[in-house]
Amino acid sequence: MKSVGIIDCMMNLPLLYWASREIADPRYRLIAEIHADTVLREFVLADGSVHHIVCFDPETGERIEALAGQGYAADSAWSRGAAWALYGFALSFTYTGKEKYLIAAKKVAHFFLDHLPADFVPYWDFRLPAEAEGMPRDSSAAAIAASGLLELASLLSEEDGKAYKQSAESILRSLYENYGAWNEDEEGLLLHATGYFAADIYVDAPLIFGDYYYAEALLKLKNNETKPW
């Protein structure tokens, strides 16, 4: 039997931080920090890429293996996973003030930005093989990362955060100009997201969380005091 952890958990932790603060009970914050520390130790690679899924021994807590999950392979780099990590670590720093989380957010952000194509919207995995030419993008990963980059910029001085904010603006501009469903009969706001490529689920389609984070990022640009999380 295996215990499974996913990189998406980083976006669940603010609820635990908030609960600790609201009821003055440190246990929930401690649980959140244990999760964040485990992700930092077991999911984030030296180059800033991240695993989607890591399996653990439920008895000992020892790491067993990484799995591809919604990425191309266990050793690839699912782009939405990087976006979850970037934003999630920025939020963990917001709630704890612990520098290691800020450093992690920057590390993942640099990997994400360094591997973007010319239009600033990633393919669904950053390590697709050469023969995978024509693979779909993931506009949801771009939207999540844009909001995360704005969060990260808000935690730094104006000078230190400038590059992250500018990168977020470039991503959002490209989403608006190249991925918006503004003139189409479509329920979603953003086209060309990738839910789960290997299972052919929501491939080259809108995703509701892509739309949410796109709107959230635009709200942050309009009002830099906005803190949805």
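The structure holds 12 aromatic pairs, where rings of Phe, Tyr and Trp (its six-membered ring) count as paired if their centres lie within 6.5 Å, with planes under 30 degrees apart taken as stacked, over 60 as edge-to-face and the rest as tilted. One of the pairs joins Trp 84 and Phe 209, which are tilted with 50 degrees between the planes and 6.0 Å centre to centre. Trp 84 lies in helix H3 (residues 79-96) and Phe 209 in helix H7 (residues 208-222), so this pair ties together parts that are 125 residues apart in sequence. Helices (H or I, at least four residues) and strands (E, at least two) are DSSP runs, numbered from the N terminus.

This is a predicted model, in which local features need pLDDT of at least 70 and side-chain atom pairs count only at pLDDT 80 or more, while totals for chains, interfaces and linings use all residues. Residues are numbered from 1 along each chain as its sequence is written, and side-chain values use heavy atoms, with hydrogens and water left out.

Trp 84 counts as buried because its relative accessibility is 8%, whereas Phe 209 is partly exposed at 28%. Ring pairs also extend beyond these two residues, linking Trp 84, Tyr 87, Phe 209, Tyr 212 and Tyr 213 into a cluster.

The next topic is the nonpolar core. In soluble globular proteins, nonpolar side chains tend to be buried together. A nonpolar core is here a set of buried Ala, Val, Leu, Ile, Met, Phe, Trp, Tyr and Cys residues joined through side-chain atoms within 4.5 Å. The largest such core has 62 residues, of which Ile 7, Phe 89, Phe 112, Ile 171 and Leu 175 touch the most other members. Two or more residues come from each of H1, helix H2 (26-42), strand E2 (53-56), H3, helix H4 (99-114), helix H5 (139-154), helix H6 (158-179) and H7. The greatest contribution is that of H3, with 11 residues. For Phe 112, contacts (heavy atoms within 4.5 Å) beyond four places in sequence include Ser 79, Ala 82, Ala 83, Pro 122, Phe 126, Ala 141, Ala 142, Ala 145 and Ile 171.

Charged pairs form a further set of links. A search of the whole structure finds 12 salt bridges, each being a side-chain nitrogen of Lys or Arg within 4 Å of a carboxyl oxygen of Asp or Glu. Asp 138 and Arg 80 form one of them, their closest N and O atoms being 2.7 Å apart. Asp 138 lies in the loop between H4 and H5 and Arg 80 in helix H3, so the pair ties together parts that are 58 residues apart in sequence. Both Asp 138 and Arg 80 are buried. Salt bridges that share partners join Arg 29, Glu 33 and Lys 98 into one network.

Another salt bridge connects Glu 65 with Lys 2, with 2.3 Å between the closest N and O atoms. This pair links distant parts of the chain, since Glu 65 is in strand E3 (residues 63-67) and Lys 2 in the segment before strand E1 (3-6), 63 residues apart. Glu 65 is partly exposed at 26% relative accessibility, and Lys 2 is partly exposed at 46%.

Ser 20 is buried, with a relative accessible area of 9%. The side chain of Ser 20 reaches the backbone oxygen of Asp 25 at 2.4 Å. Beyond four places in sequence, Ser 20 touches Asp 25, Pro 26, Arg 27, Tyr 28 and Arg 29.

Asp 25 in turn forms a salt bridge with Arg 27, the closest N and O atoms being 2.6 Å apart. Asp 25 counts as buried at 12% relative accessibility, whereas Arg 27 counts as exposed at 54%. Arg 27 also lies over the face of Tyr 28, at 5.9 Å from the ring centre; such an arrangement requires NZ of Lys or CZ of Arg within 6 Å of the ring centre and within 35 degrees of the ring normal. Tyr 28 itself is found in helix H2 and is partly exposed at 30% relative accessibility. Its contacts beyond four places in sequence are Leu 16, Ala 19, Ser 20 and Ile 23.

Terms used. Buried < 20%, exposed > 50% of the residue type's maximum accessible area, 1.4 Å probe, protein only. Polar contact = N/O pair within 3.5 Å; in protein donor to acceptor, adjacent residues only side chain to side chain.
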